[in-house]
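User: I would like to learn how to read side-chain contacts in a model, beginning with a charged residue and its surroundings. Could you take me through some cases step by step?

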Amino acid sequence: MKKLHIVLKYPDSARLWRVWADSENEIDFRHDPAAGARCTAAYAASELKYFLGKAMPGLEIGIGERPPEDACFIELEIQGNDFTGSFELEPQENGIRVTGYGRNGLLNGIYELLRIQGWRWLEPGIYGEAAPANPTLDFLTAKGKFAPSFRHRMIDQYRESDDSADLLRWFSRNRVNTVFRKAATGKLADKLGMLSRKGGHLLQKIMAPDTPMEDGRTIWEAHPDWYGLPADGKRDKALAMKTQLCLSNGEMIRWLSARICTILRTEMKDIDILDLWGFDTWGKTCSCPHCADLGNGSDQNLRLLSAIQAYLQRHLDRPVMLNTISYEGTATMSPPTRPAPRNLIDTGCMVIFYPIKRCYRHQLKDRSCTLNQVYDDSMTGWHRMAPELALWSGEYYNVSKYEDLPLVFGRLIPAEMRYYHARGCTGATYMHNLSPNWGVRALTQLMHTQFAWDVDMDEDAFLSEYFERKYGRYAARMRKIYGRLEAAGKDIALRRNWGDSLLTRLLQMEGNRPAEEITAAHYAGEAELLQALKEAVRNADAAVSGLRQVLAAEQRRNWKDLPAIRDIPPVVTPLELEKLRYYDKMEYRIGEDLRGALYGAEILRLEYVLLNYHNALRLGRRGSREWLAVEKTAARLNEWYIPLTYENPTPGVQIKDGLSRSQLRMCITRCRGARIKAVNSKIKRKD
């Protein structure tokens with residue numbers, strides 16, 4: 001029997017490693033780094049023991065301060081406190097040393113060994129694990145220094161209900177190093193060596209006009225001049241947050257800085273990165289002459305961030321990185337016109353670039369796309385005007401209007417990650433992660449995290465491995481199905497984005513004869529858009545049909561692999577229950593893909609039949625046949641309980657029916673009412 005020893009160089013580690021590995025709740029990681037390092041190192045040893053033992057049941061694995069003479073070994077070491085996740089692998093005689101330059105780096109190092117052996121983590125939970133087919137200990141000869149392409153790597157999961165230990169472990173195994181801190185998993189994030197982020201549009205909460213101040217008056221009662229002056233020169237409480245704050249008001253900035261400092265001492269005492277974004281109102285900047293002198297919206301926001309950071313450096317007992325955003329909703333999409341404040345650069349503060357209305361049919365660098373040209377100009381401008389300031393990409397692969405849809409960005413993500421990296425981005429994130437029901441979106445999660453780690457990865461090799469590891473004998477068929485879904489969803493931004501999208505225009509339907517066509521960027525008119533949607537529906541239906549065929553093929557053979565009935569214990573533990581539920585990973589994965597694809601196809605169909613109905617009315621027809629298609633599609637969606645929504649800002653989960661999640665229920669009700677009124681009117685005329 002082969003022997004492997006995991007060297008954990010702490011006294012009495014052979015006896016206490018299990019205790020240390022689960023001791024995160026007892027440790028103040030900021031003020032007791034030695035205990036924190038021991039906890040993370042012991043956890044790394046436990047992960048190695050678990051996965052190596054699972055892959056090689058005959059391997060005898062020990063953990064202790066030094067290896068026995070008859071065993072090969074893996075030595076674990078943490079040097080320094082670098083948060084980026086860098087590590088080194090150094091072969092030794094009869095073993096290997098894994099050195100993490102920080103706690104996150106050590107975990108990345110041990111997962112690299114497991115990757116070399118053949119392990120992959122496709123989704124959270126045990127059914128997302130993909131074990132090596134022919135495991136060996138050849139990784140003991142691995143060598144090299146490893147550093148990420150992006151210093152910060154994460155996926156936005158800002159909602160309080162999106163709190164999952166399985167998700168955090170998946171993040172860790174896929175080299176994420178920054179997460180939104182949650183109540184239940186905050187200490188686990190510490191153990192995993194991750195930076196904690198929180199905030200978002202925090203200024204809206206702090207500066208709400210009815211917020212009481214220390215003297216009992218509301219902010220608006222005491223200081224209406226703190227709010228931005230609208231272009232018409234009149235401040236109105238009801239519209240106070242439709243314009244950004246008056247950022248030339250020194251008194252307001254001092255009060256706000258003190259309030260933020262208090263928050264960071266209390267409810268956010270464990271935060272490393274604080275989001276301080278402007279009002280999400282698509283409003284304007286303050287029109288007073290003093291604010292105009294500060295520059296454009298981005299200049300003003302950087303000045304605010306600089307003032308708050310200076311206050312925190314004087315009054316807070318720990319460093320906190322602040323971020324603002326480049327986002328049209330807060331009047332900050334245009335790059336600054338002045339150099340970035342030095343203290344923001346020196347303290348690692350950042351700007352996150354969120355192109356919310358971008359087109360996903362084209363890459364950002366594609367200057368032929370009028371939608372993306374604006375974002376390319378902005379991103380290039382930020383890099384040119386603030387080259388030393390940390391800049392993150394913040395994509396929208398699963399933004400709220402897209403959530404639950406089976407979108408595939410297999411060819412887009414690698415190119416976009418390289419685009420952002422080439423323009424100076426040092427961080428990468430996107431909105432929003434969901435804990436369950438990933439389906440085909442697992443590819444988005446994996447691509448984002450892996451290309452954030454190594455932007456130069458071979459995308460064809462990555463895709464081939466993904467389909468092989470996730471779908472085995474069905475890899476080639478599933479790759480074609482993903483291609484169909486990618487084609488079906490290429491116009492997702494034109495269909496369901498903010499602003500002048502198909503969804504927005506459909507929501508305005510009254511059910512009467514419309515005066516104008518519904519058009520979209522890249523399409524000459526309504527007829528051309530209809531034809532494109534019809535083709536998208538065909539692709540989505542083909543994906544559904546293909547998934548049904550693959551699922552049937554798996555069900556015809558997986559009964560052979562069922563465990564004998566005598567192997568099922570009389571008392572089932574939670575872990576054993578999971579094995580009963582997901583006895584066949586392949587059937588589960590394909591079934592989840594199918595459920596998502598069905599919903600996505602019906603949403604597309606609903607958009608198509610509503611646009612077809614709109615077209616019929618516009619051309620002067622009654623649209624009876626077209627309306628029947630609307631009713632049939634809506635009825636199917638009304639019977640489904642697939643979509644999930646996480647409430648924000650307070651914890652809560654809602655499982656909405658498919659029609660409500662489409663956001664088109666009101667449109668259909670209004671159009672139905674118009675048809676009923678027309679029929680009733682006709683009856684009255686006959687009478």
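Analyst: Let us begin with one residue, bearing in mind that this is a predicted model.

User: Which residue does the side chain of Arg-342 meet in a salt bridge?

Analyst: The partner is Asp-346, with an N to O distance of 3.1 Å. Both residues belong to helix 11 (residues 342-346), where they are 4 residues apart, about one turn of the helix. Asp-346 has a relative accessible area of 54%, which is over 50%, so Asp-346 is classed as exposed.

User: Where in the chain do Glu-416 and Arg-358 lie?

Analyst: The side chains of Glu-416 and Arg-358 form a salt bridge at 2.5 Å, N to O. Glu-416 is in helix 13 (residues 412-422), whereas Arg-358 is in the loop between strand 14 and helix 12, so this pair ties together parts that are 58 residues apart in sequence. Glu-416 and Arg-358 are both buried.

User: How many salt bridges are there by this rule, and which residues are linked in a network of them?

Analyst: The count comes to 55 salt bridges, and a network of such bridges links Lys-9, Glu-75, Glu-77, Glu-90 and Arg-97. Another salt bridge joins the side chains of Glu-160 and Lys-198 at 3.8 Å, N to O. That pair links distant parts of the chain, with Glu-160 in the loop between strand 9 (152-153) and helix 4 (165-173) and Lys-198 in strand 11 (residues 195-198), 38 residues apart.

User: Turning to aromatic rings, why is the pair of Trp-277 and Tyr-354 edge-to-face?

Analyst: One looks at the angle between the ring planes, for which edge-to-face requires over 60 degrees. The planes of Trp-277 and Tyr-354 stand at 65°, with the ring centres 5.5 Å apart, so the pair is edge-to-face. Trp-277 is buried, with a relative accessible area of 5%, and Tyr-354 is likewise counted as buried, at 1% relative accessibility.

User: Which residues form one aromatic cluster, and which ring has the charged end of Lys-401 over it?

Analyst: The cluster is made up of Tyr-50, Phe-51, Tyr-111, Trp-119 and Trp-121. The charged end of Lys-401 sits over the ring of Trp-498, 5.2 Å from its centre, while Arg-159 lies over the face of Tyr-158, at 5.5 Å from the ring centre.

How values were computed: Residues numbered from 1 in each chain as written. Predicted model: local features only at pLDDT ≥ 70, side-chain atom pairs only at ≥ 80, totals over all residues. Heavy atoms only, no water. Phe/Tyr/Trp six-rings, centres within 6.5 Å; stacked < 30°, edge-to-face > 60°. Buried < 20%, exposed > 50% of the residue type's maximum accessible area, 1.4 Å probe, protein only. Lys NZ or Arg CZ within 6 Å of the ring centre and 35° of its normal. Salt bridge = Lys/Arg side-chain N within 4 Å of Asp/Glu carboxyl O. Helix = DSSP H or I, 4+ residues; strand = E, 2+ residues; numbered from the N terminus.
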